[in-house]
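Keep the model open alongside the text.

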Amino acid sequence: MPKTIIVSNRLPTKVQRTENGLTFQPSEGGLATGLGSIYRQDGNAWVGWPGLFLEDAAEEDFIAEALRTDSMAPVFLTEAEIQEYYEGFSNSTLWPTFHYFPQFATYEPAHWAAYVAVNEKFCRAVLALAGPEDTIWVHDYQLLLLPALLRRERPGCTIGFFLHIPFPSYELLRVLPWRAELLHGLLGADLIGFHTFGYMRHFLSAVSHLLGLPTQNGLIETPTRTVLVDAFPMGIDYERYAEAAASDAARAHERTYRQALGTGRVVLSIDRLDYTKGIAQRLLAFGQLLGRYPEWVGQVSLLMVVVPSRDQVPQYAALKQEIDELVGRLNAQYRTIDWNPIHYFYRSFPPDELAALYRLAEVALVTPMRDGMNLVAKEFVASKADGRGVLILSERAGAARELSDALVINPTDINGLAEALHQALVMPADEQAQRLDTMRALVKRYNVFSWAKLFMNQLAYSKMKQHTLAPD
Ligand code: GDG
């Protein structure tokens, strides 16, 4: 019976070397949850990097065996590969380009060579498992070449690809020296999915401009096959976030925070440290709010969680310094003896504390410069069972297409952002409830499980279409 193989850069389990030996830590990420019921089914598997560098061959066998019992197959990468394929081409070339920060992109032929080699390594790992008629679902920008590599070796397989970050306009993509190779890599798939129709349109336009292939109604005609392209906005495990927010643990944490903060109102901001997230602009807007509306001084605090990320990379280190300085300046300017304008945490929180923060916050400030989707926006909405809370959301997050009942802002417009903050803080309770109700219904319905199911159904359909079109 044909099986399904999921492929992503990281496995949904992190293997770590500790004093007590190897530990296996399952991921709590949305993708792992959404695809759990697929890859754990009999015979199915998830292929990816387990997150550690091997010390010897015995370790390799031990890890592979342990992961096999949980339907996973590791692709082991060396430090040099991670440096050049992951930190290099994926995060220093593709990430900035696809998020409209070409000024941060590097174009290193050695990084490209490593990217090709690691995609080939992933291909070999998948081929070791895949039969001629299997279904393979490849994820994200680290593996853009994999669909075509797989297609060459397994022409009869059903291959899907989903991109979790934005797909940029043709004008951005054309900057990349390897743009045509990347597009050809993707076109090995039967179905290519994006979070929004906007990203999908950019992709179709790039294929038509750069490769000269005819595209119509989400179909691309290559000389040998038809490729289907569609939008699949990813959701969250709604019930998990709703239940976590209602749990005793979250309530207890919320009480502790409340005691510390007094009656002050809380605006929440949560991101990984990244220049795509608009963190500095958000701080400037909060400063403007306090300057322009002095009635909020002493009344409203910004609780800002920045999860450490890539802070050895110069751009990230510079951003960290900018944030540290802005927080210091604003706190020094506005703080009173018993009130702090900004509570800044440079670390991550355990899930039940995160749930407490979502409960506590009256306003969530989600203002990325670019973001494929942004799940924090959806998690905030799912946590607000009492109908109180306002989401301020960047128009350049994929989530804004669905969550149009948020206060949708332009993140570069600091004035507009400060005004939106004020508007959120004075919004009548019934308007908050109305907006949240609509968004909650949507987040509940289009959750991560329906997302995975829709993609898999469409993938099966795209293959069927392929058979219908194939000449006898
Ligand atoms: C990529 C795309 C797209 C954050 N801080 C803590 C914590 N988190 C969790 C959040 C959320 C996740 O991390 C972040 O999700 P995002 O969607 O915002 O961003 P990426 O992970 O960078 O994801 C993105 C996504 O793929 C899915 O396609 O939406 O646009 O960039 O779940 O809750 N979790 C815990 N403590 C923290 O301090 N436990």
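Which residues in H13 meet which residues in H14? On the H13 side they are Ala355, Tyr358 and Arg359. On the H14 side they are Glu379, Phe380 and Ser383. By class, this contact divides into three nonpolar, one polar and two charged residues. Note that the model is predicted.

**Overall dimensions**

The protein has 472 residues, and 46% of them are buried. Its secondary structure comes to 17 helices and 17 strands. Along the principal axes, the C-alpha atoms fill a box of roughly 75 × 55 × 40 Å. The radius of gyration is 23 Å, which agrees with the value near 23 Å for a compact globule with 472 residues. Sequence separation can be read from the contacts. Take those between residues at least 6 apart in sequence: 77% of them join residues at least 24 apart.

**Helix pairs**

Two packed helices are described by the angle between their axes and the distance between the axes. The table gives both for each pair.

| Helix pair | Axis angle | Axis distance |
|---|---|---|
| H5 (residues 146-153) and H7 (residues 179-186) | about 55° | 5 Å |
| H13 (residues 351-360) and H14 | roughly 70° | within 9 Å |
| H14 (residues 375-383) and H16 (residues 429-445) | roughly 110° | within 9 Å |

**H14 and its partners**

H14 packs with H13 and with H16. Take H13 first. The axes of H13 and H14 cross at roughly 70°, so the two helices are roughly perpendicular to each other.

Now H16. The axes of H14 and H16 cross at roughly 110°. That makes H14 roughly perpendicular to H16. H14 passes H16 in a left-handed crossing. H14 contributes Lys378, Val381 and Ala382 to the contact, and H16 contributes Leu436, Met439, Arg440 and Val443. By class, the contact of H14 with H16 has five nonpolar, no polar and two charged residues.

**H5 against H7**

How do H5 and H7 lie relative to each other? Their axes pack at an angle of about 55°, and the helices are therefore oblique to each other. H5 passes H7 in a left-handed crossing. Leu146, Pro147 and Ala148 in H5 meet His184, Gly185 and Leu186 in H7. This contact has four nonpolar, two polar and no charged residues.

Note on methods. Residues numbered from 1 in each chain as written. Predicted model: local features only at pLDDT ≥ 70, side-chain atom pairs only at ≥ 80, totals over all residues. Axes fitted to C-alpha atoms, helices over the stretch in contact; angles between N-to-C directions. Helix = DSSP H or I, 4+ residues; strand = E, 2+ residues; numbered from the N terminus. Parallel < 35°, antiparallel > 145°, perpendicular 65-115°, else oblique. Left-handed = near helix turned anticlockwise from the far one by under 90°. Contact = placed C-beta atoms within 7 Å. Nonpolar A, V, L, I, M, F, W, Y, C, P; charged D, E, K, R; others polar. Rg over C-alpha atoms; globule rule 2.2 N^0.38 Å. Buried ≥ 20, exposed ≤ 12 C-beta atoms within 10 Å, placed from the backbone.
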